[in-house]
Amino acid sequence: HALRLRRLGSTTMLVDFVEKHFEADQIANIKKTITYLNRFQFFHFDSHVNHAVQRTLTNPKTRTFVAQAFSLMGYRFIVQESLGYYGIVPTDEINDGRLLTDMETFVVLGLKLVYDKCFDRGDIDEKANVETTINDFCDELSSFAREADWEIDNVKIRDALRRLRGNQIVSFDDKLNNEDDIPIKIRPFIRDVVSVDALNRIELFLLKKTGKPDEAEIVDTDDVVEPE
């Protein structure tokens, strides 16, 4: 049966609860899993080999405890067993952490836009990852920015991608430099992180960024019909 984790009044009570319901190895793995999700936000079978975390999240009993623990801390726990990932998303109650820079915001929206376009075409792998390349992604974002008369540096896009990789919404080679064109994977949990329509949000972002509402109409190139 599902565990019912109550708001316990002290650390001692929580320790007693855990020791009563779990074996020593399960407790160790639960600790590792909570630490892992606090640091990386998502766990995906396709990108990391961490047996302690995997055992915890695939066991309904230990997963329920982890989910309820994060719920008490104000997180929404994500379970996508068919796609092989689990994660946490902060709710409005606690969503007061580090603010994204303008470039990071733009890149996150760009990741969601590219993911949605590829997903709609069925251009995904068996784990629902979308694969593209660094240069193609930079070109996609640069084309939107140019429409709003905002010149962006591809190096800054790459830097933002490096920082966002810590949340695992995007995956690529650790040896990325500022010239290489290498494959990147956009993970399916970008849809859990960004639930809004990315194209509309990019338009609003660029209007705010440039302050040129009359000149910043963004057109999705997939919807453009070439004249005969």
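Reader: Why does Asp116 count as buried?
Author: Asp116 has 15% relative accessibility, and buried means under 20% relative accessible area (exposed is over 50%, partly exposed in between; 1.4 Å probe, protein chains only), so Asp116 counts as buried. This is a predicted model, in which local features need pLDDT of at least 70, side-chain atom pairs count only at pLDDT 80 or more, and totals for chains, interfaces and linings use all residues. Residues are numbered from 1 along each chain as its sequence is written, and side-chain values use heavy atoms, with hydrogens and water left out.

Reader: What makes Asp116 and Arg191 a salt bridge?
Author: Their closest N and O atoms are 3.0 Å apart; the term requires a side-chain nitrogen of Lys or Arg within 4 Å of a carboxyl oxygen of Asp or Glu, so the pair qualifies. Asp116 lies in helix H5 (residues 102–121) and Arg191 in helix H8 (residues 190–193), so the pair ties together parts that are 75 residues apart in sequence. Helices (H or I, at least four residues) and strands (E, at least two) are DSSP runs, numbered from the N terminus. Lys112 joins Asp116 and Arg191 in a network of salt bridges.
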